[in-house]
Amino acid sequence: MIDPSTYIQSEWSWVVLFVMAVFVGMSKTGVQGLAILTVPMLAMTFGAKPSTGLMLPVL
């Protein structure tokens, strides 16, 4: 199992992850279009593979 602390190293990473979790939650309740913002923001912050692994528990 990979330790998520290897990817989440700064306060900014925690903020981005929290905001993206809120956006995914809001998009599941019916606010259209917010989930589209989550993929590029996570990919820019964490990279492609780590962002996929970090997003799975949120979903």
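## A tour of the three helices

Start with the whole chain in cartoon. The protein chain has 3 helices and 0 strands. This is a predicted model. Read from the N terminus, the elements run α-α-α.

The accessible surface of the protein chain comes to about 4300 Å². Carbon and sulfur atoms account for 72% of that area. Of the 59 residues in the chain, 24% are buried.

Now look at contacts along the chain. Take those with a separation of 6 or more: 49% of them join residues 24 or more positions apart.

Select residues 11-28. This is helix α1, with 18 residues. How far apart are its end C-alpha atoms? They are 26 Å apart, which agrees with the 26 Å that 18 residues should span at 1.5 Å a residue.

Stay on α1 and show side chains. Pick Ser13, Val16, Leu17, Met20 and Val24: these are the buried residues of α1. They cover an arc of only 95° around the axis, so they sit on the same side of α1.

Technical notes. Residues numbered from 1 in each chain as written. Predicted model: local features only at pLDDT ≥ 70, side-chain atom pairs only at ≥ 80, totals over all residues. Heavy atoms only, no water. Helix = DSSP H or I, 4+ residues; strand = E, 2+ residues; numbered from the N terminus. Buried < 20%, exposed > 50% of the residue type's maximum accessible area, 1.4 Å probe, protein only. Contact = heavy atoms within 4.5 Å. Areas by Shrake-Rupley, 256 points an atom, 1.4 Å probe, with all protein chains shown as cover. Expected span 1.5 Å × (residues − 1). Arc of directions from axis to C-beta.
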